Structures are given as structure tokens and as C-alpha cells.
Amino acid sequence: MEEKVLVGKIIKPFGIKGEVKVDAMTDFPDERFKVGAIVYLREKRGDQSLVIASHRVHKGYDLISFEGMQDINLIEAFRMHELYALKDDSLLDEGEVWVSDLMGCEVYNHGTLFGVVKDMYDNTYQDLLVVEHNGKRVLIPYVDAFVKNKDIAHKRIDVALIKGFVDDED
């Protein structure tokens, strides 16, 4: 079974002709939401495959419709559902990894276990790893100055944090 990655969340229907307003959670919206692309709507009973019929951007959100569903009554139930797509490594540049592959990686600071990656924030300036450390969430810039080695296959990330980065006396 091929692995799927989160590409967006349907916020609500947009208009009456079957478009939905999507909060894109992908660096590749033009590829993921292009006409003819297949996405998977995550439902309790399983994933439903849908074919993109149209895509446009409006006020910072992706507006998409699905083949055979150009009616608000057909897509109203999709509100707040997540959309997934098959993982496609050809979309990544050299040295890039999927955010989903970073989740659960153990983070070692100067060779000592520091914590586990729980999330990642896409910041305007750089991405930030959210690492669970001693019961707290610590943000580590995902840049070469701090991240020294990534061994995603073995779920390990080595970092070199500077003195004072984390106050462990709390």
C-alpha cells in the first residue's frame, strides 16, 4: 500500500457549484490540486478517492472542485475533512524530506538524547522543529546552523544547540 501525505484541510464549501475552500498543507499546491490529480478524503470508514475538476486561488486559499460533484449538496459533508495524496518523492529537491518523515525522529544534542520531534512549523524565515523535551515543547530552527545530521531511515536527527538555548532549570 502506497503511503499518503496530508496536503490540505477542507474548511467549508465555497459558493453553490461544488467548490470547497482548502487550507493547503503542502509546498506543492499546483501539483497536488491540478486538474485531473487524485486526492483522498479521509473519512471514518476509509479514504475516498476524488479527482480534481478545478483549482484556483482566492484570498490565500485554494478553491477546488471534484469531478461529478459540482453541487453544494454533494460536498457539504466534506467540511473540516483532511485531504491526502500519494507520497511522490520526485517533488522533493535534493536533500529535502517529507515533514511526515520527521515526526517521531529522536533528536540528539551533541550526542545526548534531547527529545522527539512532535510537529513542524512553517515559519516565514525558516522551518521550526517542535521537539518534546522534558515535558516541554522546544522550537529548534531547521537550519544547518543547528541541524548537523539527518538519518531519516533510522529516525535520528543530530543537532548542536548553543548554550542557553534551553533553560533546563525550570
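Me: Let's start with a side chain: the charged end of Arg-156 sits over the ring of which residue?
Reply: Over the ring of Tyr-108, with the charged end 3.7 Å from the ring centre. Keep in mind that this is a predicted model.

Me: Got it. And what does the charged end of Lys-4 sit over?
Reply: That one sits over the ring of Tyr-40, 4.3 Å from its centre.

Me: Let me zoom out. How many helices and strands does the protein have?
Reply: It has three helices and twelve strands. The C-alpha atoms fill a box of roughly 55 × 35 × 30 Å along the principal axes.

Me: What do six of the strands close into?
Reply: They close into a barrel, in the order 1-2-5-4-3-6, with antiparallel pairing. From one strand to the next, the twist averages 45°.

Me: Switching to packing. Which residues have the most contacts inside the largest nonpolar core?
Reply: Those are Ile-10, Ile-64, Phe-66, Phe-78 and Leu-83, in a core of 22 residues. Strands 1, 2, 3, 4, 5 and 6 each supply at least two residues of this core. The largest share, three residues, comes from strand 1.

Me: What does Phe-78 touch, leaving out residues up to four places away in sequence?
Reply: Phe-78 touches Ile-10, Leu-41, Gln-48, Leu-50, Phe-66 and Met-69.

Me: Now the rings. How many aromatic pairs turn up in the whole structure?
Reply: A search finds three. One of them is Phe-28 with Trp-98, an edge-to-face pair at 6.2 Å centre to centre and 75° between the planes.

Me: Why does that pair tie together parts that are 70 residues apart in sequence?
Reply: Because Phe-28 lies in the loop between strand 2 (19-24) and helix 1 (29-32), while Trp-98 lies in the loop between strand 6 (82-86) and helix 3 (99-102).

Me: Are Phe-28 and Trp-98 buried or exposed?
Reply: Both are buried.

Me: And how do Phe-66 and Phe-78 pair up, in terms of distance and angle?
Reply: Those two are edge-to-face as well, at 6.0 Å centre to centre and 70° between the planes. Phe-66 is in strand 5, and Phe-78 is twelve residues away in the loop between helix 2 (72-75) and strand 6. Phe-66 and Phe-78 are both buried.

Me: Which residue in their hairpin takes a positive phi?
Reply: Asn-134, with phi near 50°, in a hairpin that has two residues between the strands.

Me: Last one: what percentage of the 170 residues count as buried?
Reply: 37% of them do. As for contacts between residues at least 6 apart in sequence, 49% join residues at least 24 apart.

Technical notes
Residues numbered from 1 in each chain as written. Predicted model: local features only at pLDDT ≥ 70, side-chain atom pairs only at ≥ 80, totals over all residues. Heavy atoms only, no water. Pairing = 2+ DSSP bridges. Helix = DSSP H or I, 4+ residues; strand = E, 2+ residues; numbered from the N terminus. Axes fitted to C-alpha atoms, helices over the stretch in contact; angles between N-to-C directions. Phe/Tyr/Trp six-rings, centres within 6.5 Å; stacked < 30°, edge-to-face > 60°. Buried < 20%, exposed > 50% of the residue type's maximum accessible area, 1.4 Å probe, protein only. Lys NZ or Arg CZ within 6 Å of the ring centre and 35° of its normal. Core = buried A, V, L, I, M, F, W, Y, C linked by side-chain atoms within 4.5 Å. Contact = heavy atoms within 4.5 Å.
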